[in-house]
Amino acid sequence: MKRTLPYLALVVFVGVLGLSWITHGTGVVKNDPKRHISIPAQLTVPLQVQSAYNGTDVYFRYRWPSPNAGIHHDVLRFTKGAWVVQGSAVPGSQPDGLHEDRVAMMVDDGSVPEFGRYGGYVAIGNKLAGFTDEASGREVREHPYLGKKLGLDEPTKYLPATRTNLKDWTAVAPEAEQQRLLAAGYFLDLWHWRAHRSNPVGLADDQYVAAGRLSDSGRGAYTTNWDGAKKQPRLMFDPAKVGRTTLKWDDLAKGKIGQGDVYYLREDQAIAFDAAATWQEGDTIPRRILRAAQGSRADIGVSGQARWADGFWQVTLRRKMDTGKPTEDKIFRDGGVYQVAFAIHRQATGGRWHYVSLPFTLGLGREAEIQAAKFEGEAPDWRQAAVNVTLFYPGQVNWPHLNSARHAGASNIKRGVPVRYRHSEEQLAHYGIEAEFTDAIRGQWLLTMLAGIALIVAFGVGLNLPLKRKQGH
Amino acid sequence: MAAYHVVLVHFPIALWMTAGLAIVFRAISEGPVAKAVDRALVPFLAIGFVSGIAAYAVGLLVWPWESLSSSPLGRNHMLLATWTLAYWGLILVTRWMQGEAVWNGFMRWVMAGLAILGNVLLGITGTLGGHLIGIHTEVSQALRVLGWEVYTTFYVPDTTLIAICVASVVLLAAGLLGARRAA
């Protein structure tokens, strides 16, 4: 018996090591809607980008994989004798598929130097929407500047210098300082194409990020179709133009309404809602009314048709290089170098459940990671090779965290070391997920470390004490 | 302190790697050279252990605890460094306590296995340290293939923790039982 004990100890030791290897990394990371946690199965997604300009207009062409054409957004559905809103945002994918696909791009001209080094991370402030510790919409609406002056109704992206305290989203710098920063170009231009809320009218939304995520002056391409007072839609399809007054829920749920159908409610194809009509269970009307955008907000148009085919979206956007609005848009000039970062939403996700890129340089006739091709005439021929961008799920990592003692690279940020120097997209995706479970993982890691020490010590006892006696014989 | 840590870790790495080779060499050879190398083993392992403690202690000063324990790579590096130190301590104690008897019978192959595993732990610890200073080997790629993404923290679930605790108790009991029966 005593001769076999050391070998038994060896078997137990190796067996437990094997068990640890097989089960590691489980038991902590899981979806938790109450904490706004939903982790996508795929952590990175490729995006191809091309750019071109002709001295008047600048073009961007994006191509990315998406399992299906996410062209629907929230709807108003006749259910049990009443109209109800269906498709509100949830953590992760909307279960009914009622969230549109999107592509977004942030642009800077060097006026926000941190953006060129850290990309969109600089705009992720304290307690943003979708984070576990998000500030409430009421808090934002009641904020004297963000809510009452700027009209924000949720905690959105903002740039660091617009706050006097990095860790406090409410600590907004005085209005005069905000204007001074804007005049100096301290904002990020935000191009935002939406498969439901902008594509059917041939536009992408034109916004910018400064003290918050703000819209350019003018009128947006969509508004609500929900009459909250009457609890009913405002408009319905014009049967004379569309051939029906509503969609059918079953058709929508079964994917029978596609890009070739009128899946959107456009103002010029709609009439006033008829409350007296006989509505049937499952009658469905889009919650968004699409209309012609106006002013600076209408600057970005879709070039050609943005379509989903064979598992990929291909979207081309066009804008005047100089829109005449230098405090809302970044002005592109021949010979200029700019910084850009991209994001997509797919699989019915909204909010922070997107895939984002690290920053890239864009050159118009200058050396850069993305070279915009100069062309003559009305439309580019897109002969230049596309740049492959890796998009990643960013999890819950914000700028205050990255500049805190919890981030070992905070000193590198102070020194201006770019994010790419130390991190890859894959690494950032994993870090982003771990950030959502920091305390739980830290606790489990400490226990694992202690258990490993205990196992090694016990193995030493189990191996050596019987052998020592054996040697003594 | 990062630079001092990098300098200091060279000592245990060199000593443990050499000790590992010596153990494997002794396990397969009864020749005079192998026996001569074996006589230097305990001093080698002892100096390796002491220099390992020094490198570990300085390593703890590179980042504040809050930073180290919040970084997946930082956590992994510390976890593997802790286990590597404890594990080579076990090899030192085993060779010290058993003397030349560890080369008798099947036990010599156990020693060779322990030495190889010790160098695997050492290699992983070094690779993770390399990640932290921006220079790393393809060992991490091999670990990915084997099922561990090194950008995620290595931890085990509660059930495995319980299994480790039970196993530890069994090992302690086996050791004490073996000692008592032999007495």
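**Notes on a two-chain model**

1. Helices here are DSSP runs (H or I, at least four residues), numbered from the N terminus. A residue is buried if 20 or more other C-beta atoms, placed from the backbone, lie within 10 Å of its own.

2. Before going on, some housekeeping. This is a predicted model, where local features need pLDDT of at least 70 and side-chain atom pairs count only at pLDDT 80 or more, while totals for chains, interfaces and linings use all residues. Residues are numbered from 1 along each chain as its sequence is written, with chains lettered from A and ligands numbered from 1 in the order in which they are written.

3. Which residues of helix 1 of chain B are buried? Among them are His5(B), Val9(B), Pro12(B), Trp16(B), Ile23(B) and Arg26(B). The helix covers residues 2–28, and its end C-alpha atoms are 39 Å apart, which agrees with the 39 Å that 27 residues should span at 1.5 Å a residue; the expected span is 1.5 Å times one less than the number of residues.

4. Helix 6 of chain B also meets helix 7 (residues 139–146) of chain B: their axes come within 9 Å and cross at roughly 115 degrees. Axes are lines fitted to C-alpha atoms over the stretch in contact, with angles from 0 to 180 degrees between N-to-C directions. Gly123(B), Ile124(B), Thr127(B) and His131(B) of helix 6 touch Val139(B), Ser140(B) and Leu143(B) of helix 7. Contact means C-beta atoms, placed from the backbone, within 7 Å.

5. Now for the two chains together. The contact takes 55 residues from chain A and 54 residues from chain B. On the chain A side, the elements giving two or more residues are helix 1 (5–23), helix 10 and helix 11. Helix 11 of chain A gives the most, with 28 residues.

6. Have a look at Phe437(A) too, in the loop between helix 10 (425–435) and helix 11 (438–472) of chain A. Is Phe437(A) buried or exposed? Phe437(A) counts as buried because 21 C-beta neighbours sit inside 10 Å. Leaving aside neighbours within four places in sequence, Phe437(A) is in contact with Val28(A) and Val29(A). Val28(A) is 409 residues away along the chain, yet the C-alpha atoms of Phe437(A) and Val28(A) are separated by 7.5 Å.

Note on methods: A residue is buried if 20 or more other C-beta atoms lie within 10 Å of its own, exposed if 12 or fewer, and partly exposed in between; C-beta atoms are placed from the backbone. Two residues are in contact if their C-beta atoms, placed from the backbone, lie within 7 Å.
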